Amino acid sequence: MGENIAKNFDPKQTLNEIEDKFQMFQILNEDGVIVNEEANPNLSDEELVELMTRMVYTRILDQRSISLNRQGRLGFYAPTAGQEASQLASHYALEKEDWILPGYRDVPQIVWHGLPLWKAFLFSRGHFVGNQMPEGLNVLPPQIIIGAQYVQAAGVALGLKKRGAKNVAITYTGDGGSSQGDFYEGINFAGAFKAPAIFIVQNNQFAISTPREVQTSAKTIAQKGIAAGIASVLVDGMDPLAVYVATKDARDRAINGEGPSLIETMCYRYGPHTMSGDDPTRYRTSDIDNEWAAKDPIVRFRKYLEGKGLWSEQKETEVIELAKEEIKAAIKQADETPKQKVTDLISNMYEELPRNLEEQFKIYVEKESR
Ligand SMILES: Cc1ncc(C[n+]2csc(CCOP(=O)(O)OP(=O)(O)O)c2C)c(N)n1
Ligand SMILES: [Mg+2]
């Protein structure tokens, strides 16, 4: 069996053809050279500089967050270095009124959408104030349950459609998240209802210590969108221009009523999975690290912008200094926020307290008043 059942019957060939369709979309290569002029979004000089500024700033935020964590001054933290193009260029394609449904590693996008840094630090500390979004900021708290935000994004996007809003819901998960049931439910539901959602899979090659190769037998994660009937692309996630164009295109189609898209961004996390104790040297070689470091989004964008006379060492130093100053002020503000009490936790959990918690609540009100 398997051979010549009929001329037009070749399931393996169908699979190969679909998989071969998914070639990586790139505009700016590792050397900072435009290799796909036709797709160049031709961002203005100010826009190019703004995008670079955000990436440099966020790299510093990552470095500072790691050291603050080591000093015991932050709580849960998932490093972001290596994913700046994937995170910030996709965000750059959005409008202020669009909704973001982040995962735990997607704090940079919600900070650039408008979450004050001090609140992001409180989120890291598990403080409820860190999950209270300012009025008018269309962001849900970062999801810890892998993949859950995909189902929620489908719902938020459908809500936007029903209200006639010209906005999208964007959500992010990882290569590991693409194996969850919620991932498939989310993309399928959004596809069925032509909901204006953008589903991003940041394929950073590892789900904690599990390498991408054993995550799925599919050649790409992008191709998984095809079964849900949604437009899907594989993008160089270290190329800010390609990520921007793919997301902008997905957004345009979504608000035109053409339904959701799936974008796989090929990227890498340079640091550990989180600061809670994994040791990446036990599951990754320095060869892989070096291979990805050579693709760095900031290095290639710097080369590109320097070539256009839009960036310099001085400009970069200014951004770094500004970032350090703002981070210092934000951590101070986080420190000055009253510590979370057990009663805060309980009263922020339910609109109406269940009876068993009413009892505990009273006990803690009494304890905390001592
Ligand atoms: C439903 C669920 N299962 C398991 C976990 C534990 N867990 C936390 S992170 C993670 C790996 C996620 O990897 P990936 O989706 O590739 O995202 P990355 O951390 O690489 O950004 C797992 C299994 C969880 N948080 N939620
Ligand atoms: Mg991953």
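Q: How far apart do the end C-alpha atoms of residues 53-342 lie?
A: This is a predicted model, so let us start with a span that has a name on record. The UniProt annotation "domain: Dehydrogenase E1 component", from an unreviewed entry, covers residues 53-342. That span is 47% helix and 11% strand. Its end C-alpha atoms are separated by 40 Å.

Q: Are α6 and α7 roughly parallel or roughly antiparallel to each other?
A: Helix α7 covers residues 181-192, and its axis is 7 Å from that of α6, at an angle of about 15°. Angles under 35 degrees count as roughly parallel. The two helices, α6 and α7, are therefore roughly parallel.

Q: How many charged residues are in the contact of α6 with α7?
A: The crossing of α6 past α7 is left-handed. On the α6 side, the contact is made by Ala148, Tyr150, Val151, Ala153, Ala154 and Ala157, while α7 brings Asp182, Phe183, Glu185, Gly186, Ile187, Phe189 and Ala190. By class there are 10 nonpolar residues and 1 polar, and the charged ones number 2.

Q: Why are α3 and α9 oblique to each other?
A: Helix α3 (residues 84-92) and helix α9 (residues 240-258) have axes that come within 8 Å. They cross at roughly 40°. Angles under 35 degrees count as roughly parallel, and 65 to 115 as roughly perpendicular. The α3 and α9 pair is therefore oblique.

Q: How many nonpolar residues does the contact of α3 with α9 have?
A: The handedness of this crossing is right-handed. Ala85, Ser86, Ala89, Ser90 and Tyr92 of α3 meet Pro240, Val243, Tyr244 and Thr247 of α9. These contact residues include no charged ones and 3 polar ones, and the nonpolar count is 6.

Q: At what angle do α2 and α3 pack?
A: Helix α2 is made of residues 45-70, and its axis lies 10 Å from that of α3. The two cross in a right-handed way, and they are oblique to each other. Their packing angle is about 135°.

Q: How many charged residues are in the contact of α2 with α3?
A: From α2 come Leu51, Arg54, Met55, Thr58 and Arg59, which meet Glu84, Ala85, Leu88, Ala89 and Tyr92 of α3. Sorted by class, the contact has 6 nonpolar residues and 1 polar, and its charged residues number 3.

Terms used. Residues are numbered from 1 along each chain as its sequence is written. Chains are lettered from A and ligands numbered from 1 in the order in which they are written. This is a predicted model: local features need pLDDT of at least 70, side-chain atom pairs count only at pLDDT 80 or more; totals for chains, interfaces and linings use all residues. Axes are lines fitted to C-alpha atoms, for helices over the stretch in contact, and angles run from 0 to 180 degrees between N-to-C directions. Helices (H or I, at least four residues) and strands (E, at least two) are DSSP runs, numbered from the N terminus. Angles under 35 degrees count as roughly parallel, over 145 as roughly antiparallel, 65 to 115 as roughly perpendicular and the rest as oblique. A crossing is left-handed if the near helix is turned anticlockwise from the far one by less than a right angle, and right-handed if clockwise. Two residues are in contact if their C-beta atoms, placed from the backbone, lie within 7 Å. Ala, Val, Leu, Ile, Met, Phe, Trp, Tyr, Cys and Pro count as nonpolar, Asp, Glu, Lys and Arg as charged, and the others, Gly among them, as polar. UniProt positions are given in the numbering used here, feature names are shortened, and annotations may be inferred rather than shown by experiment.
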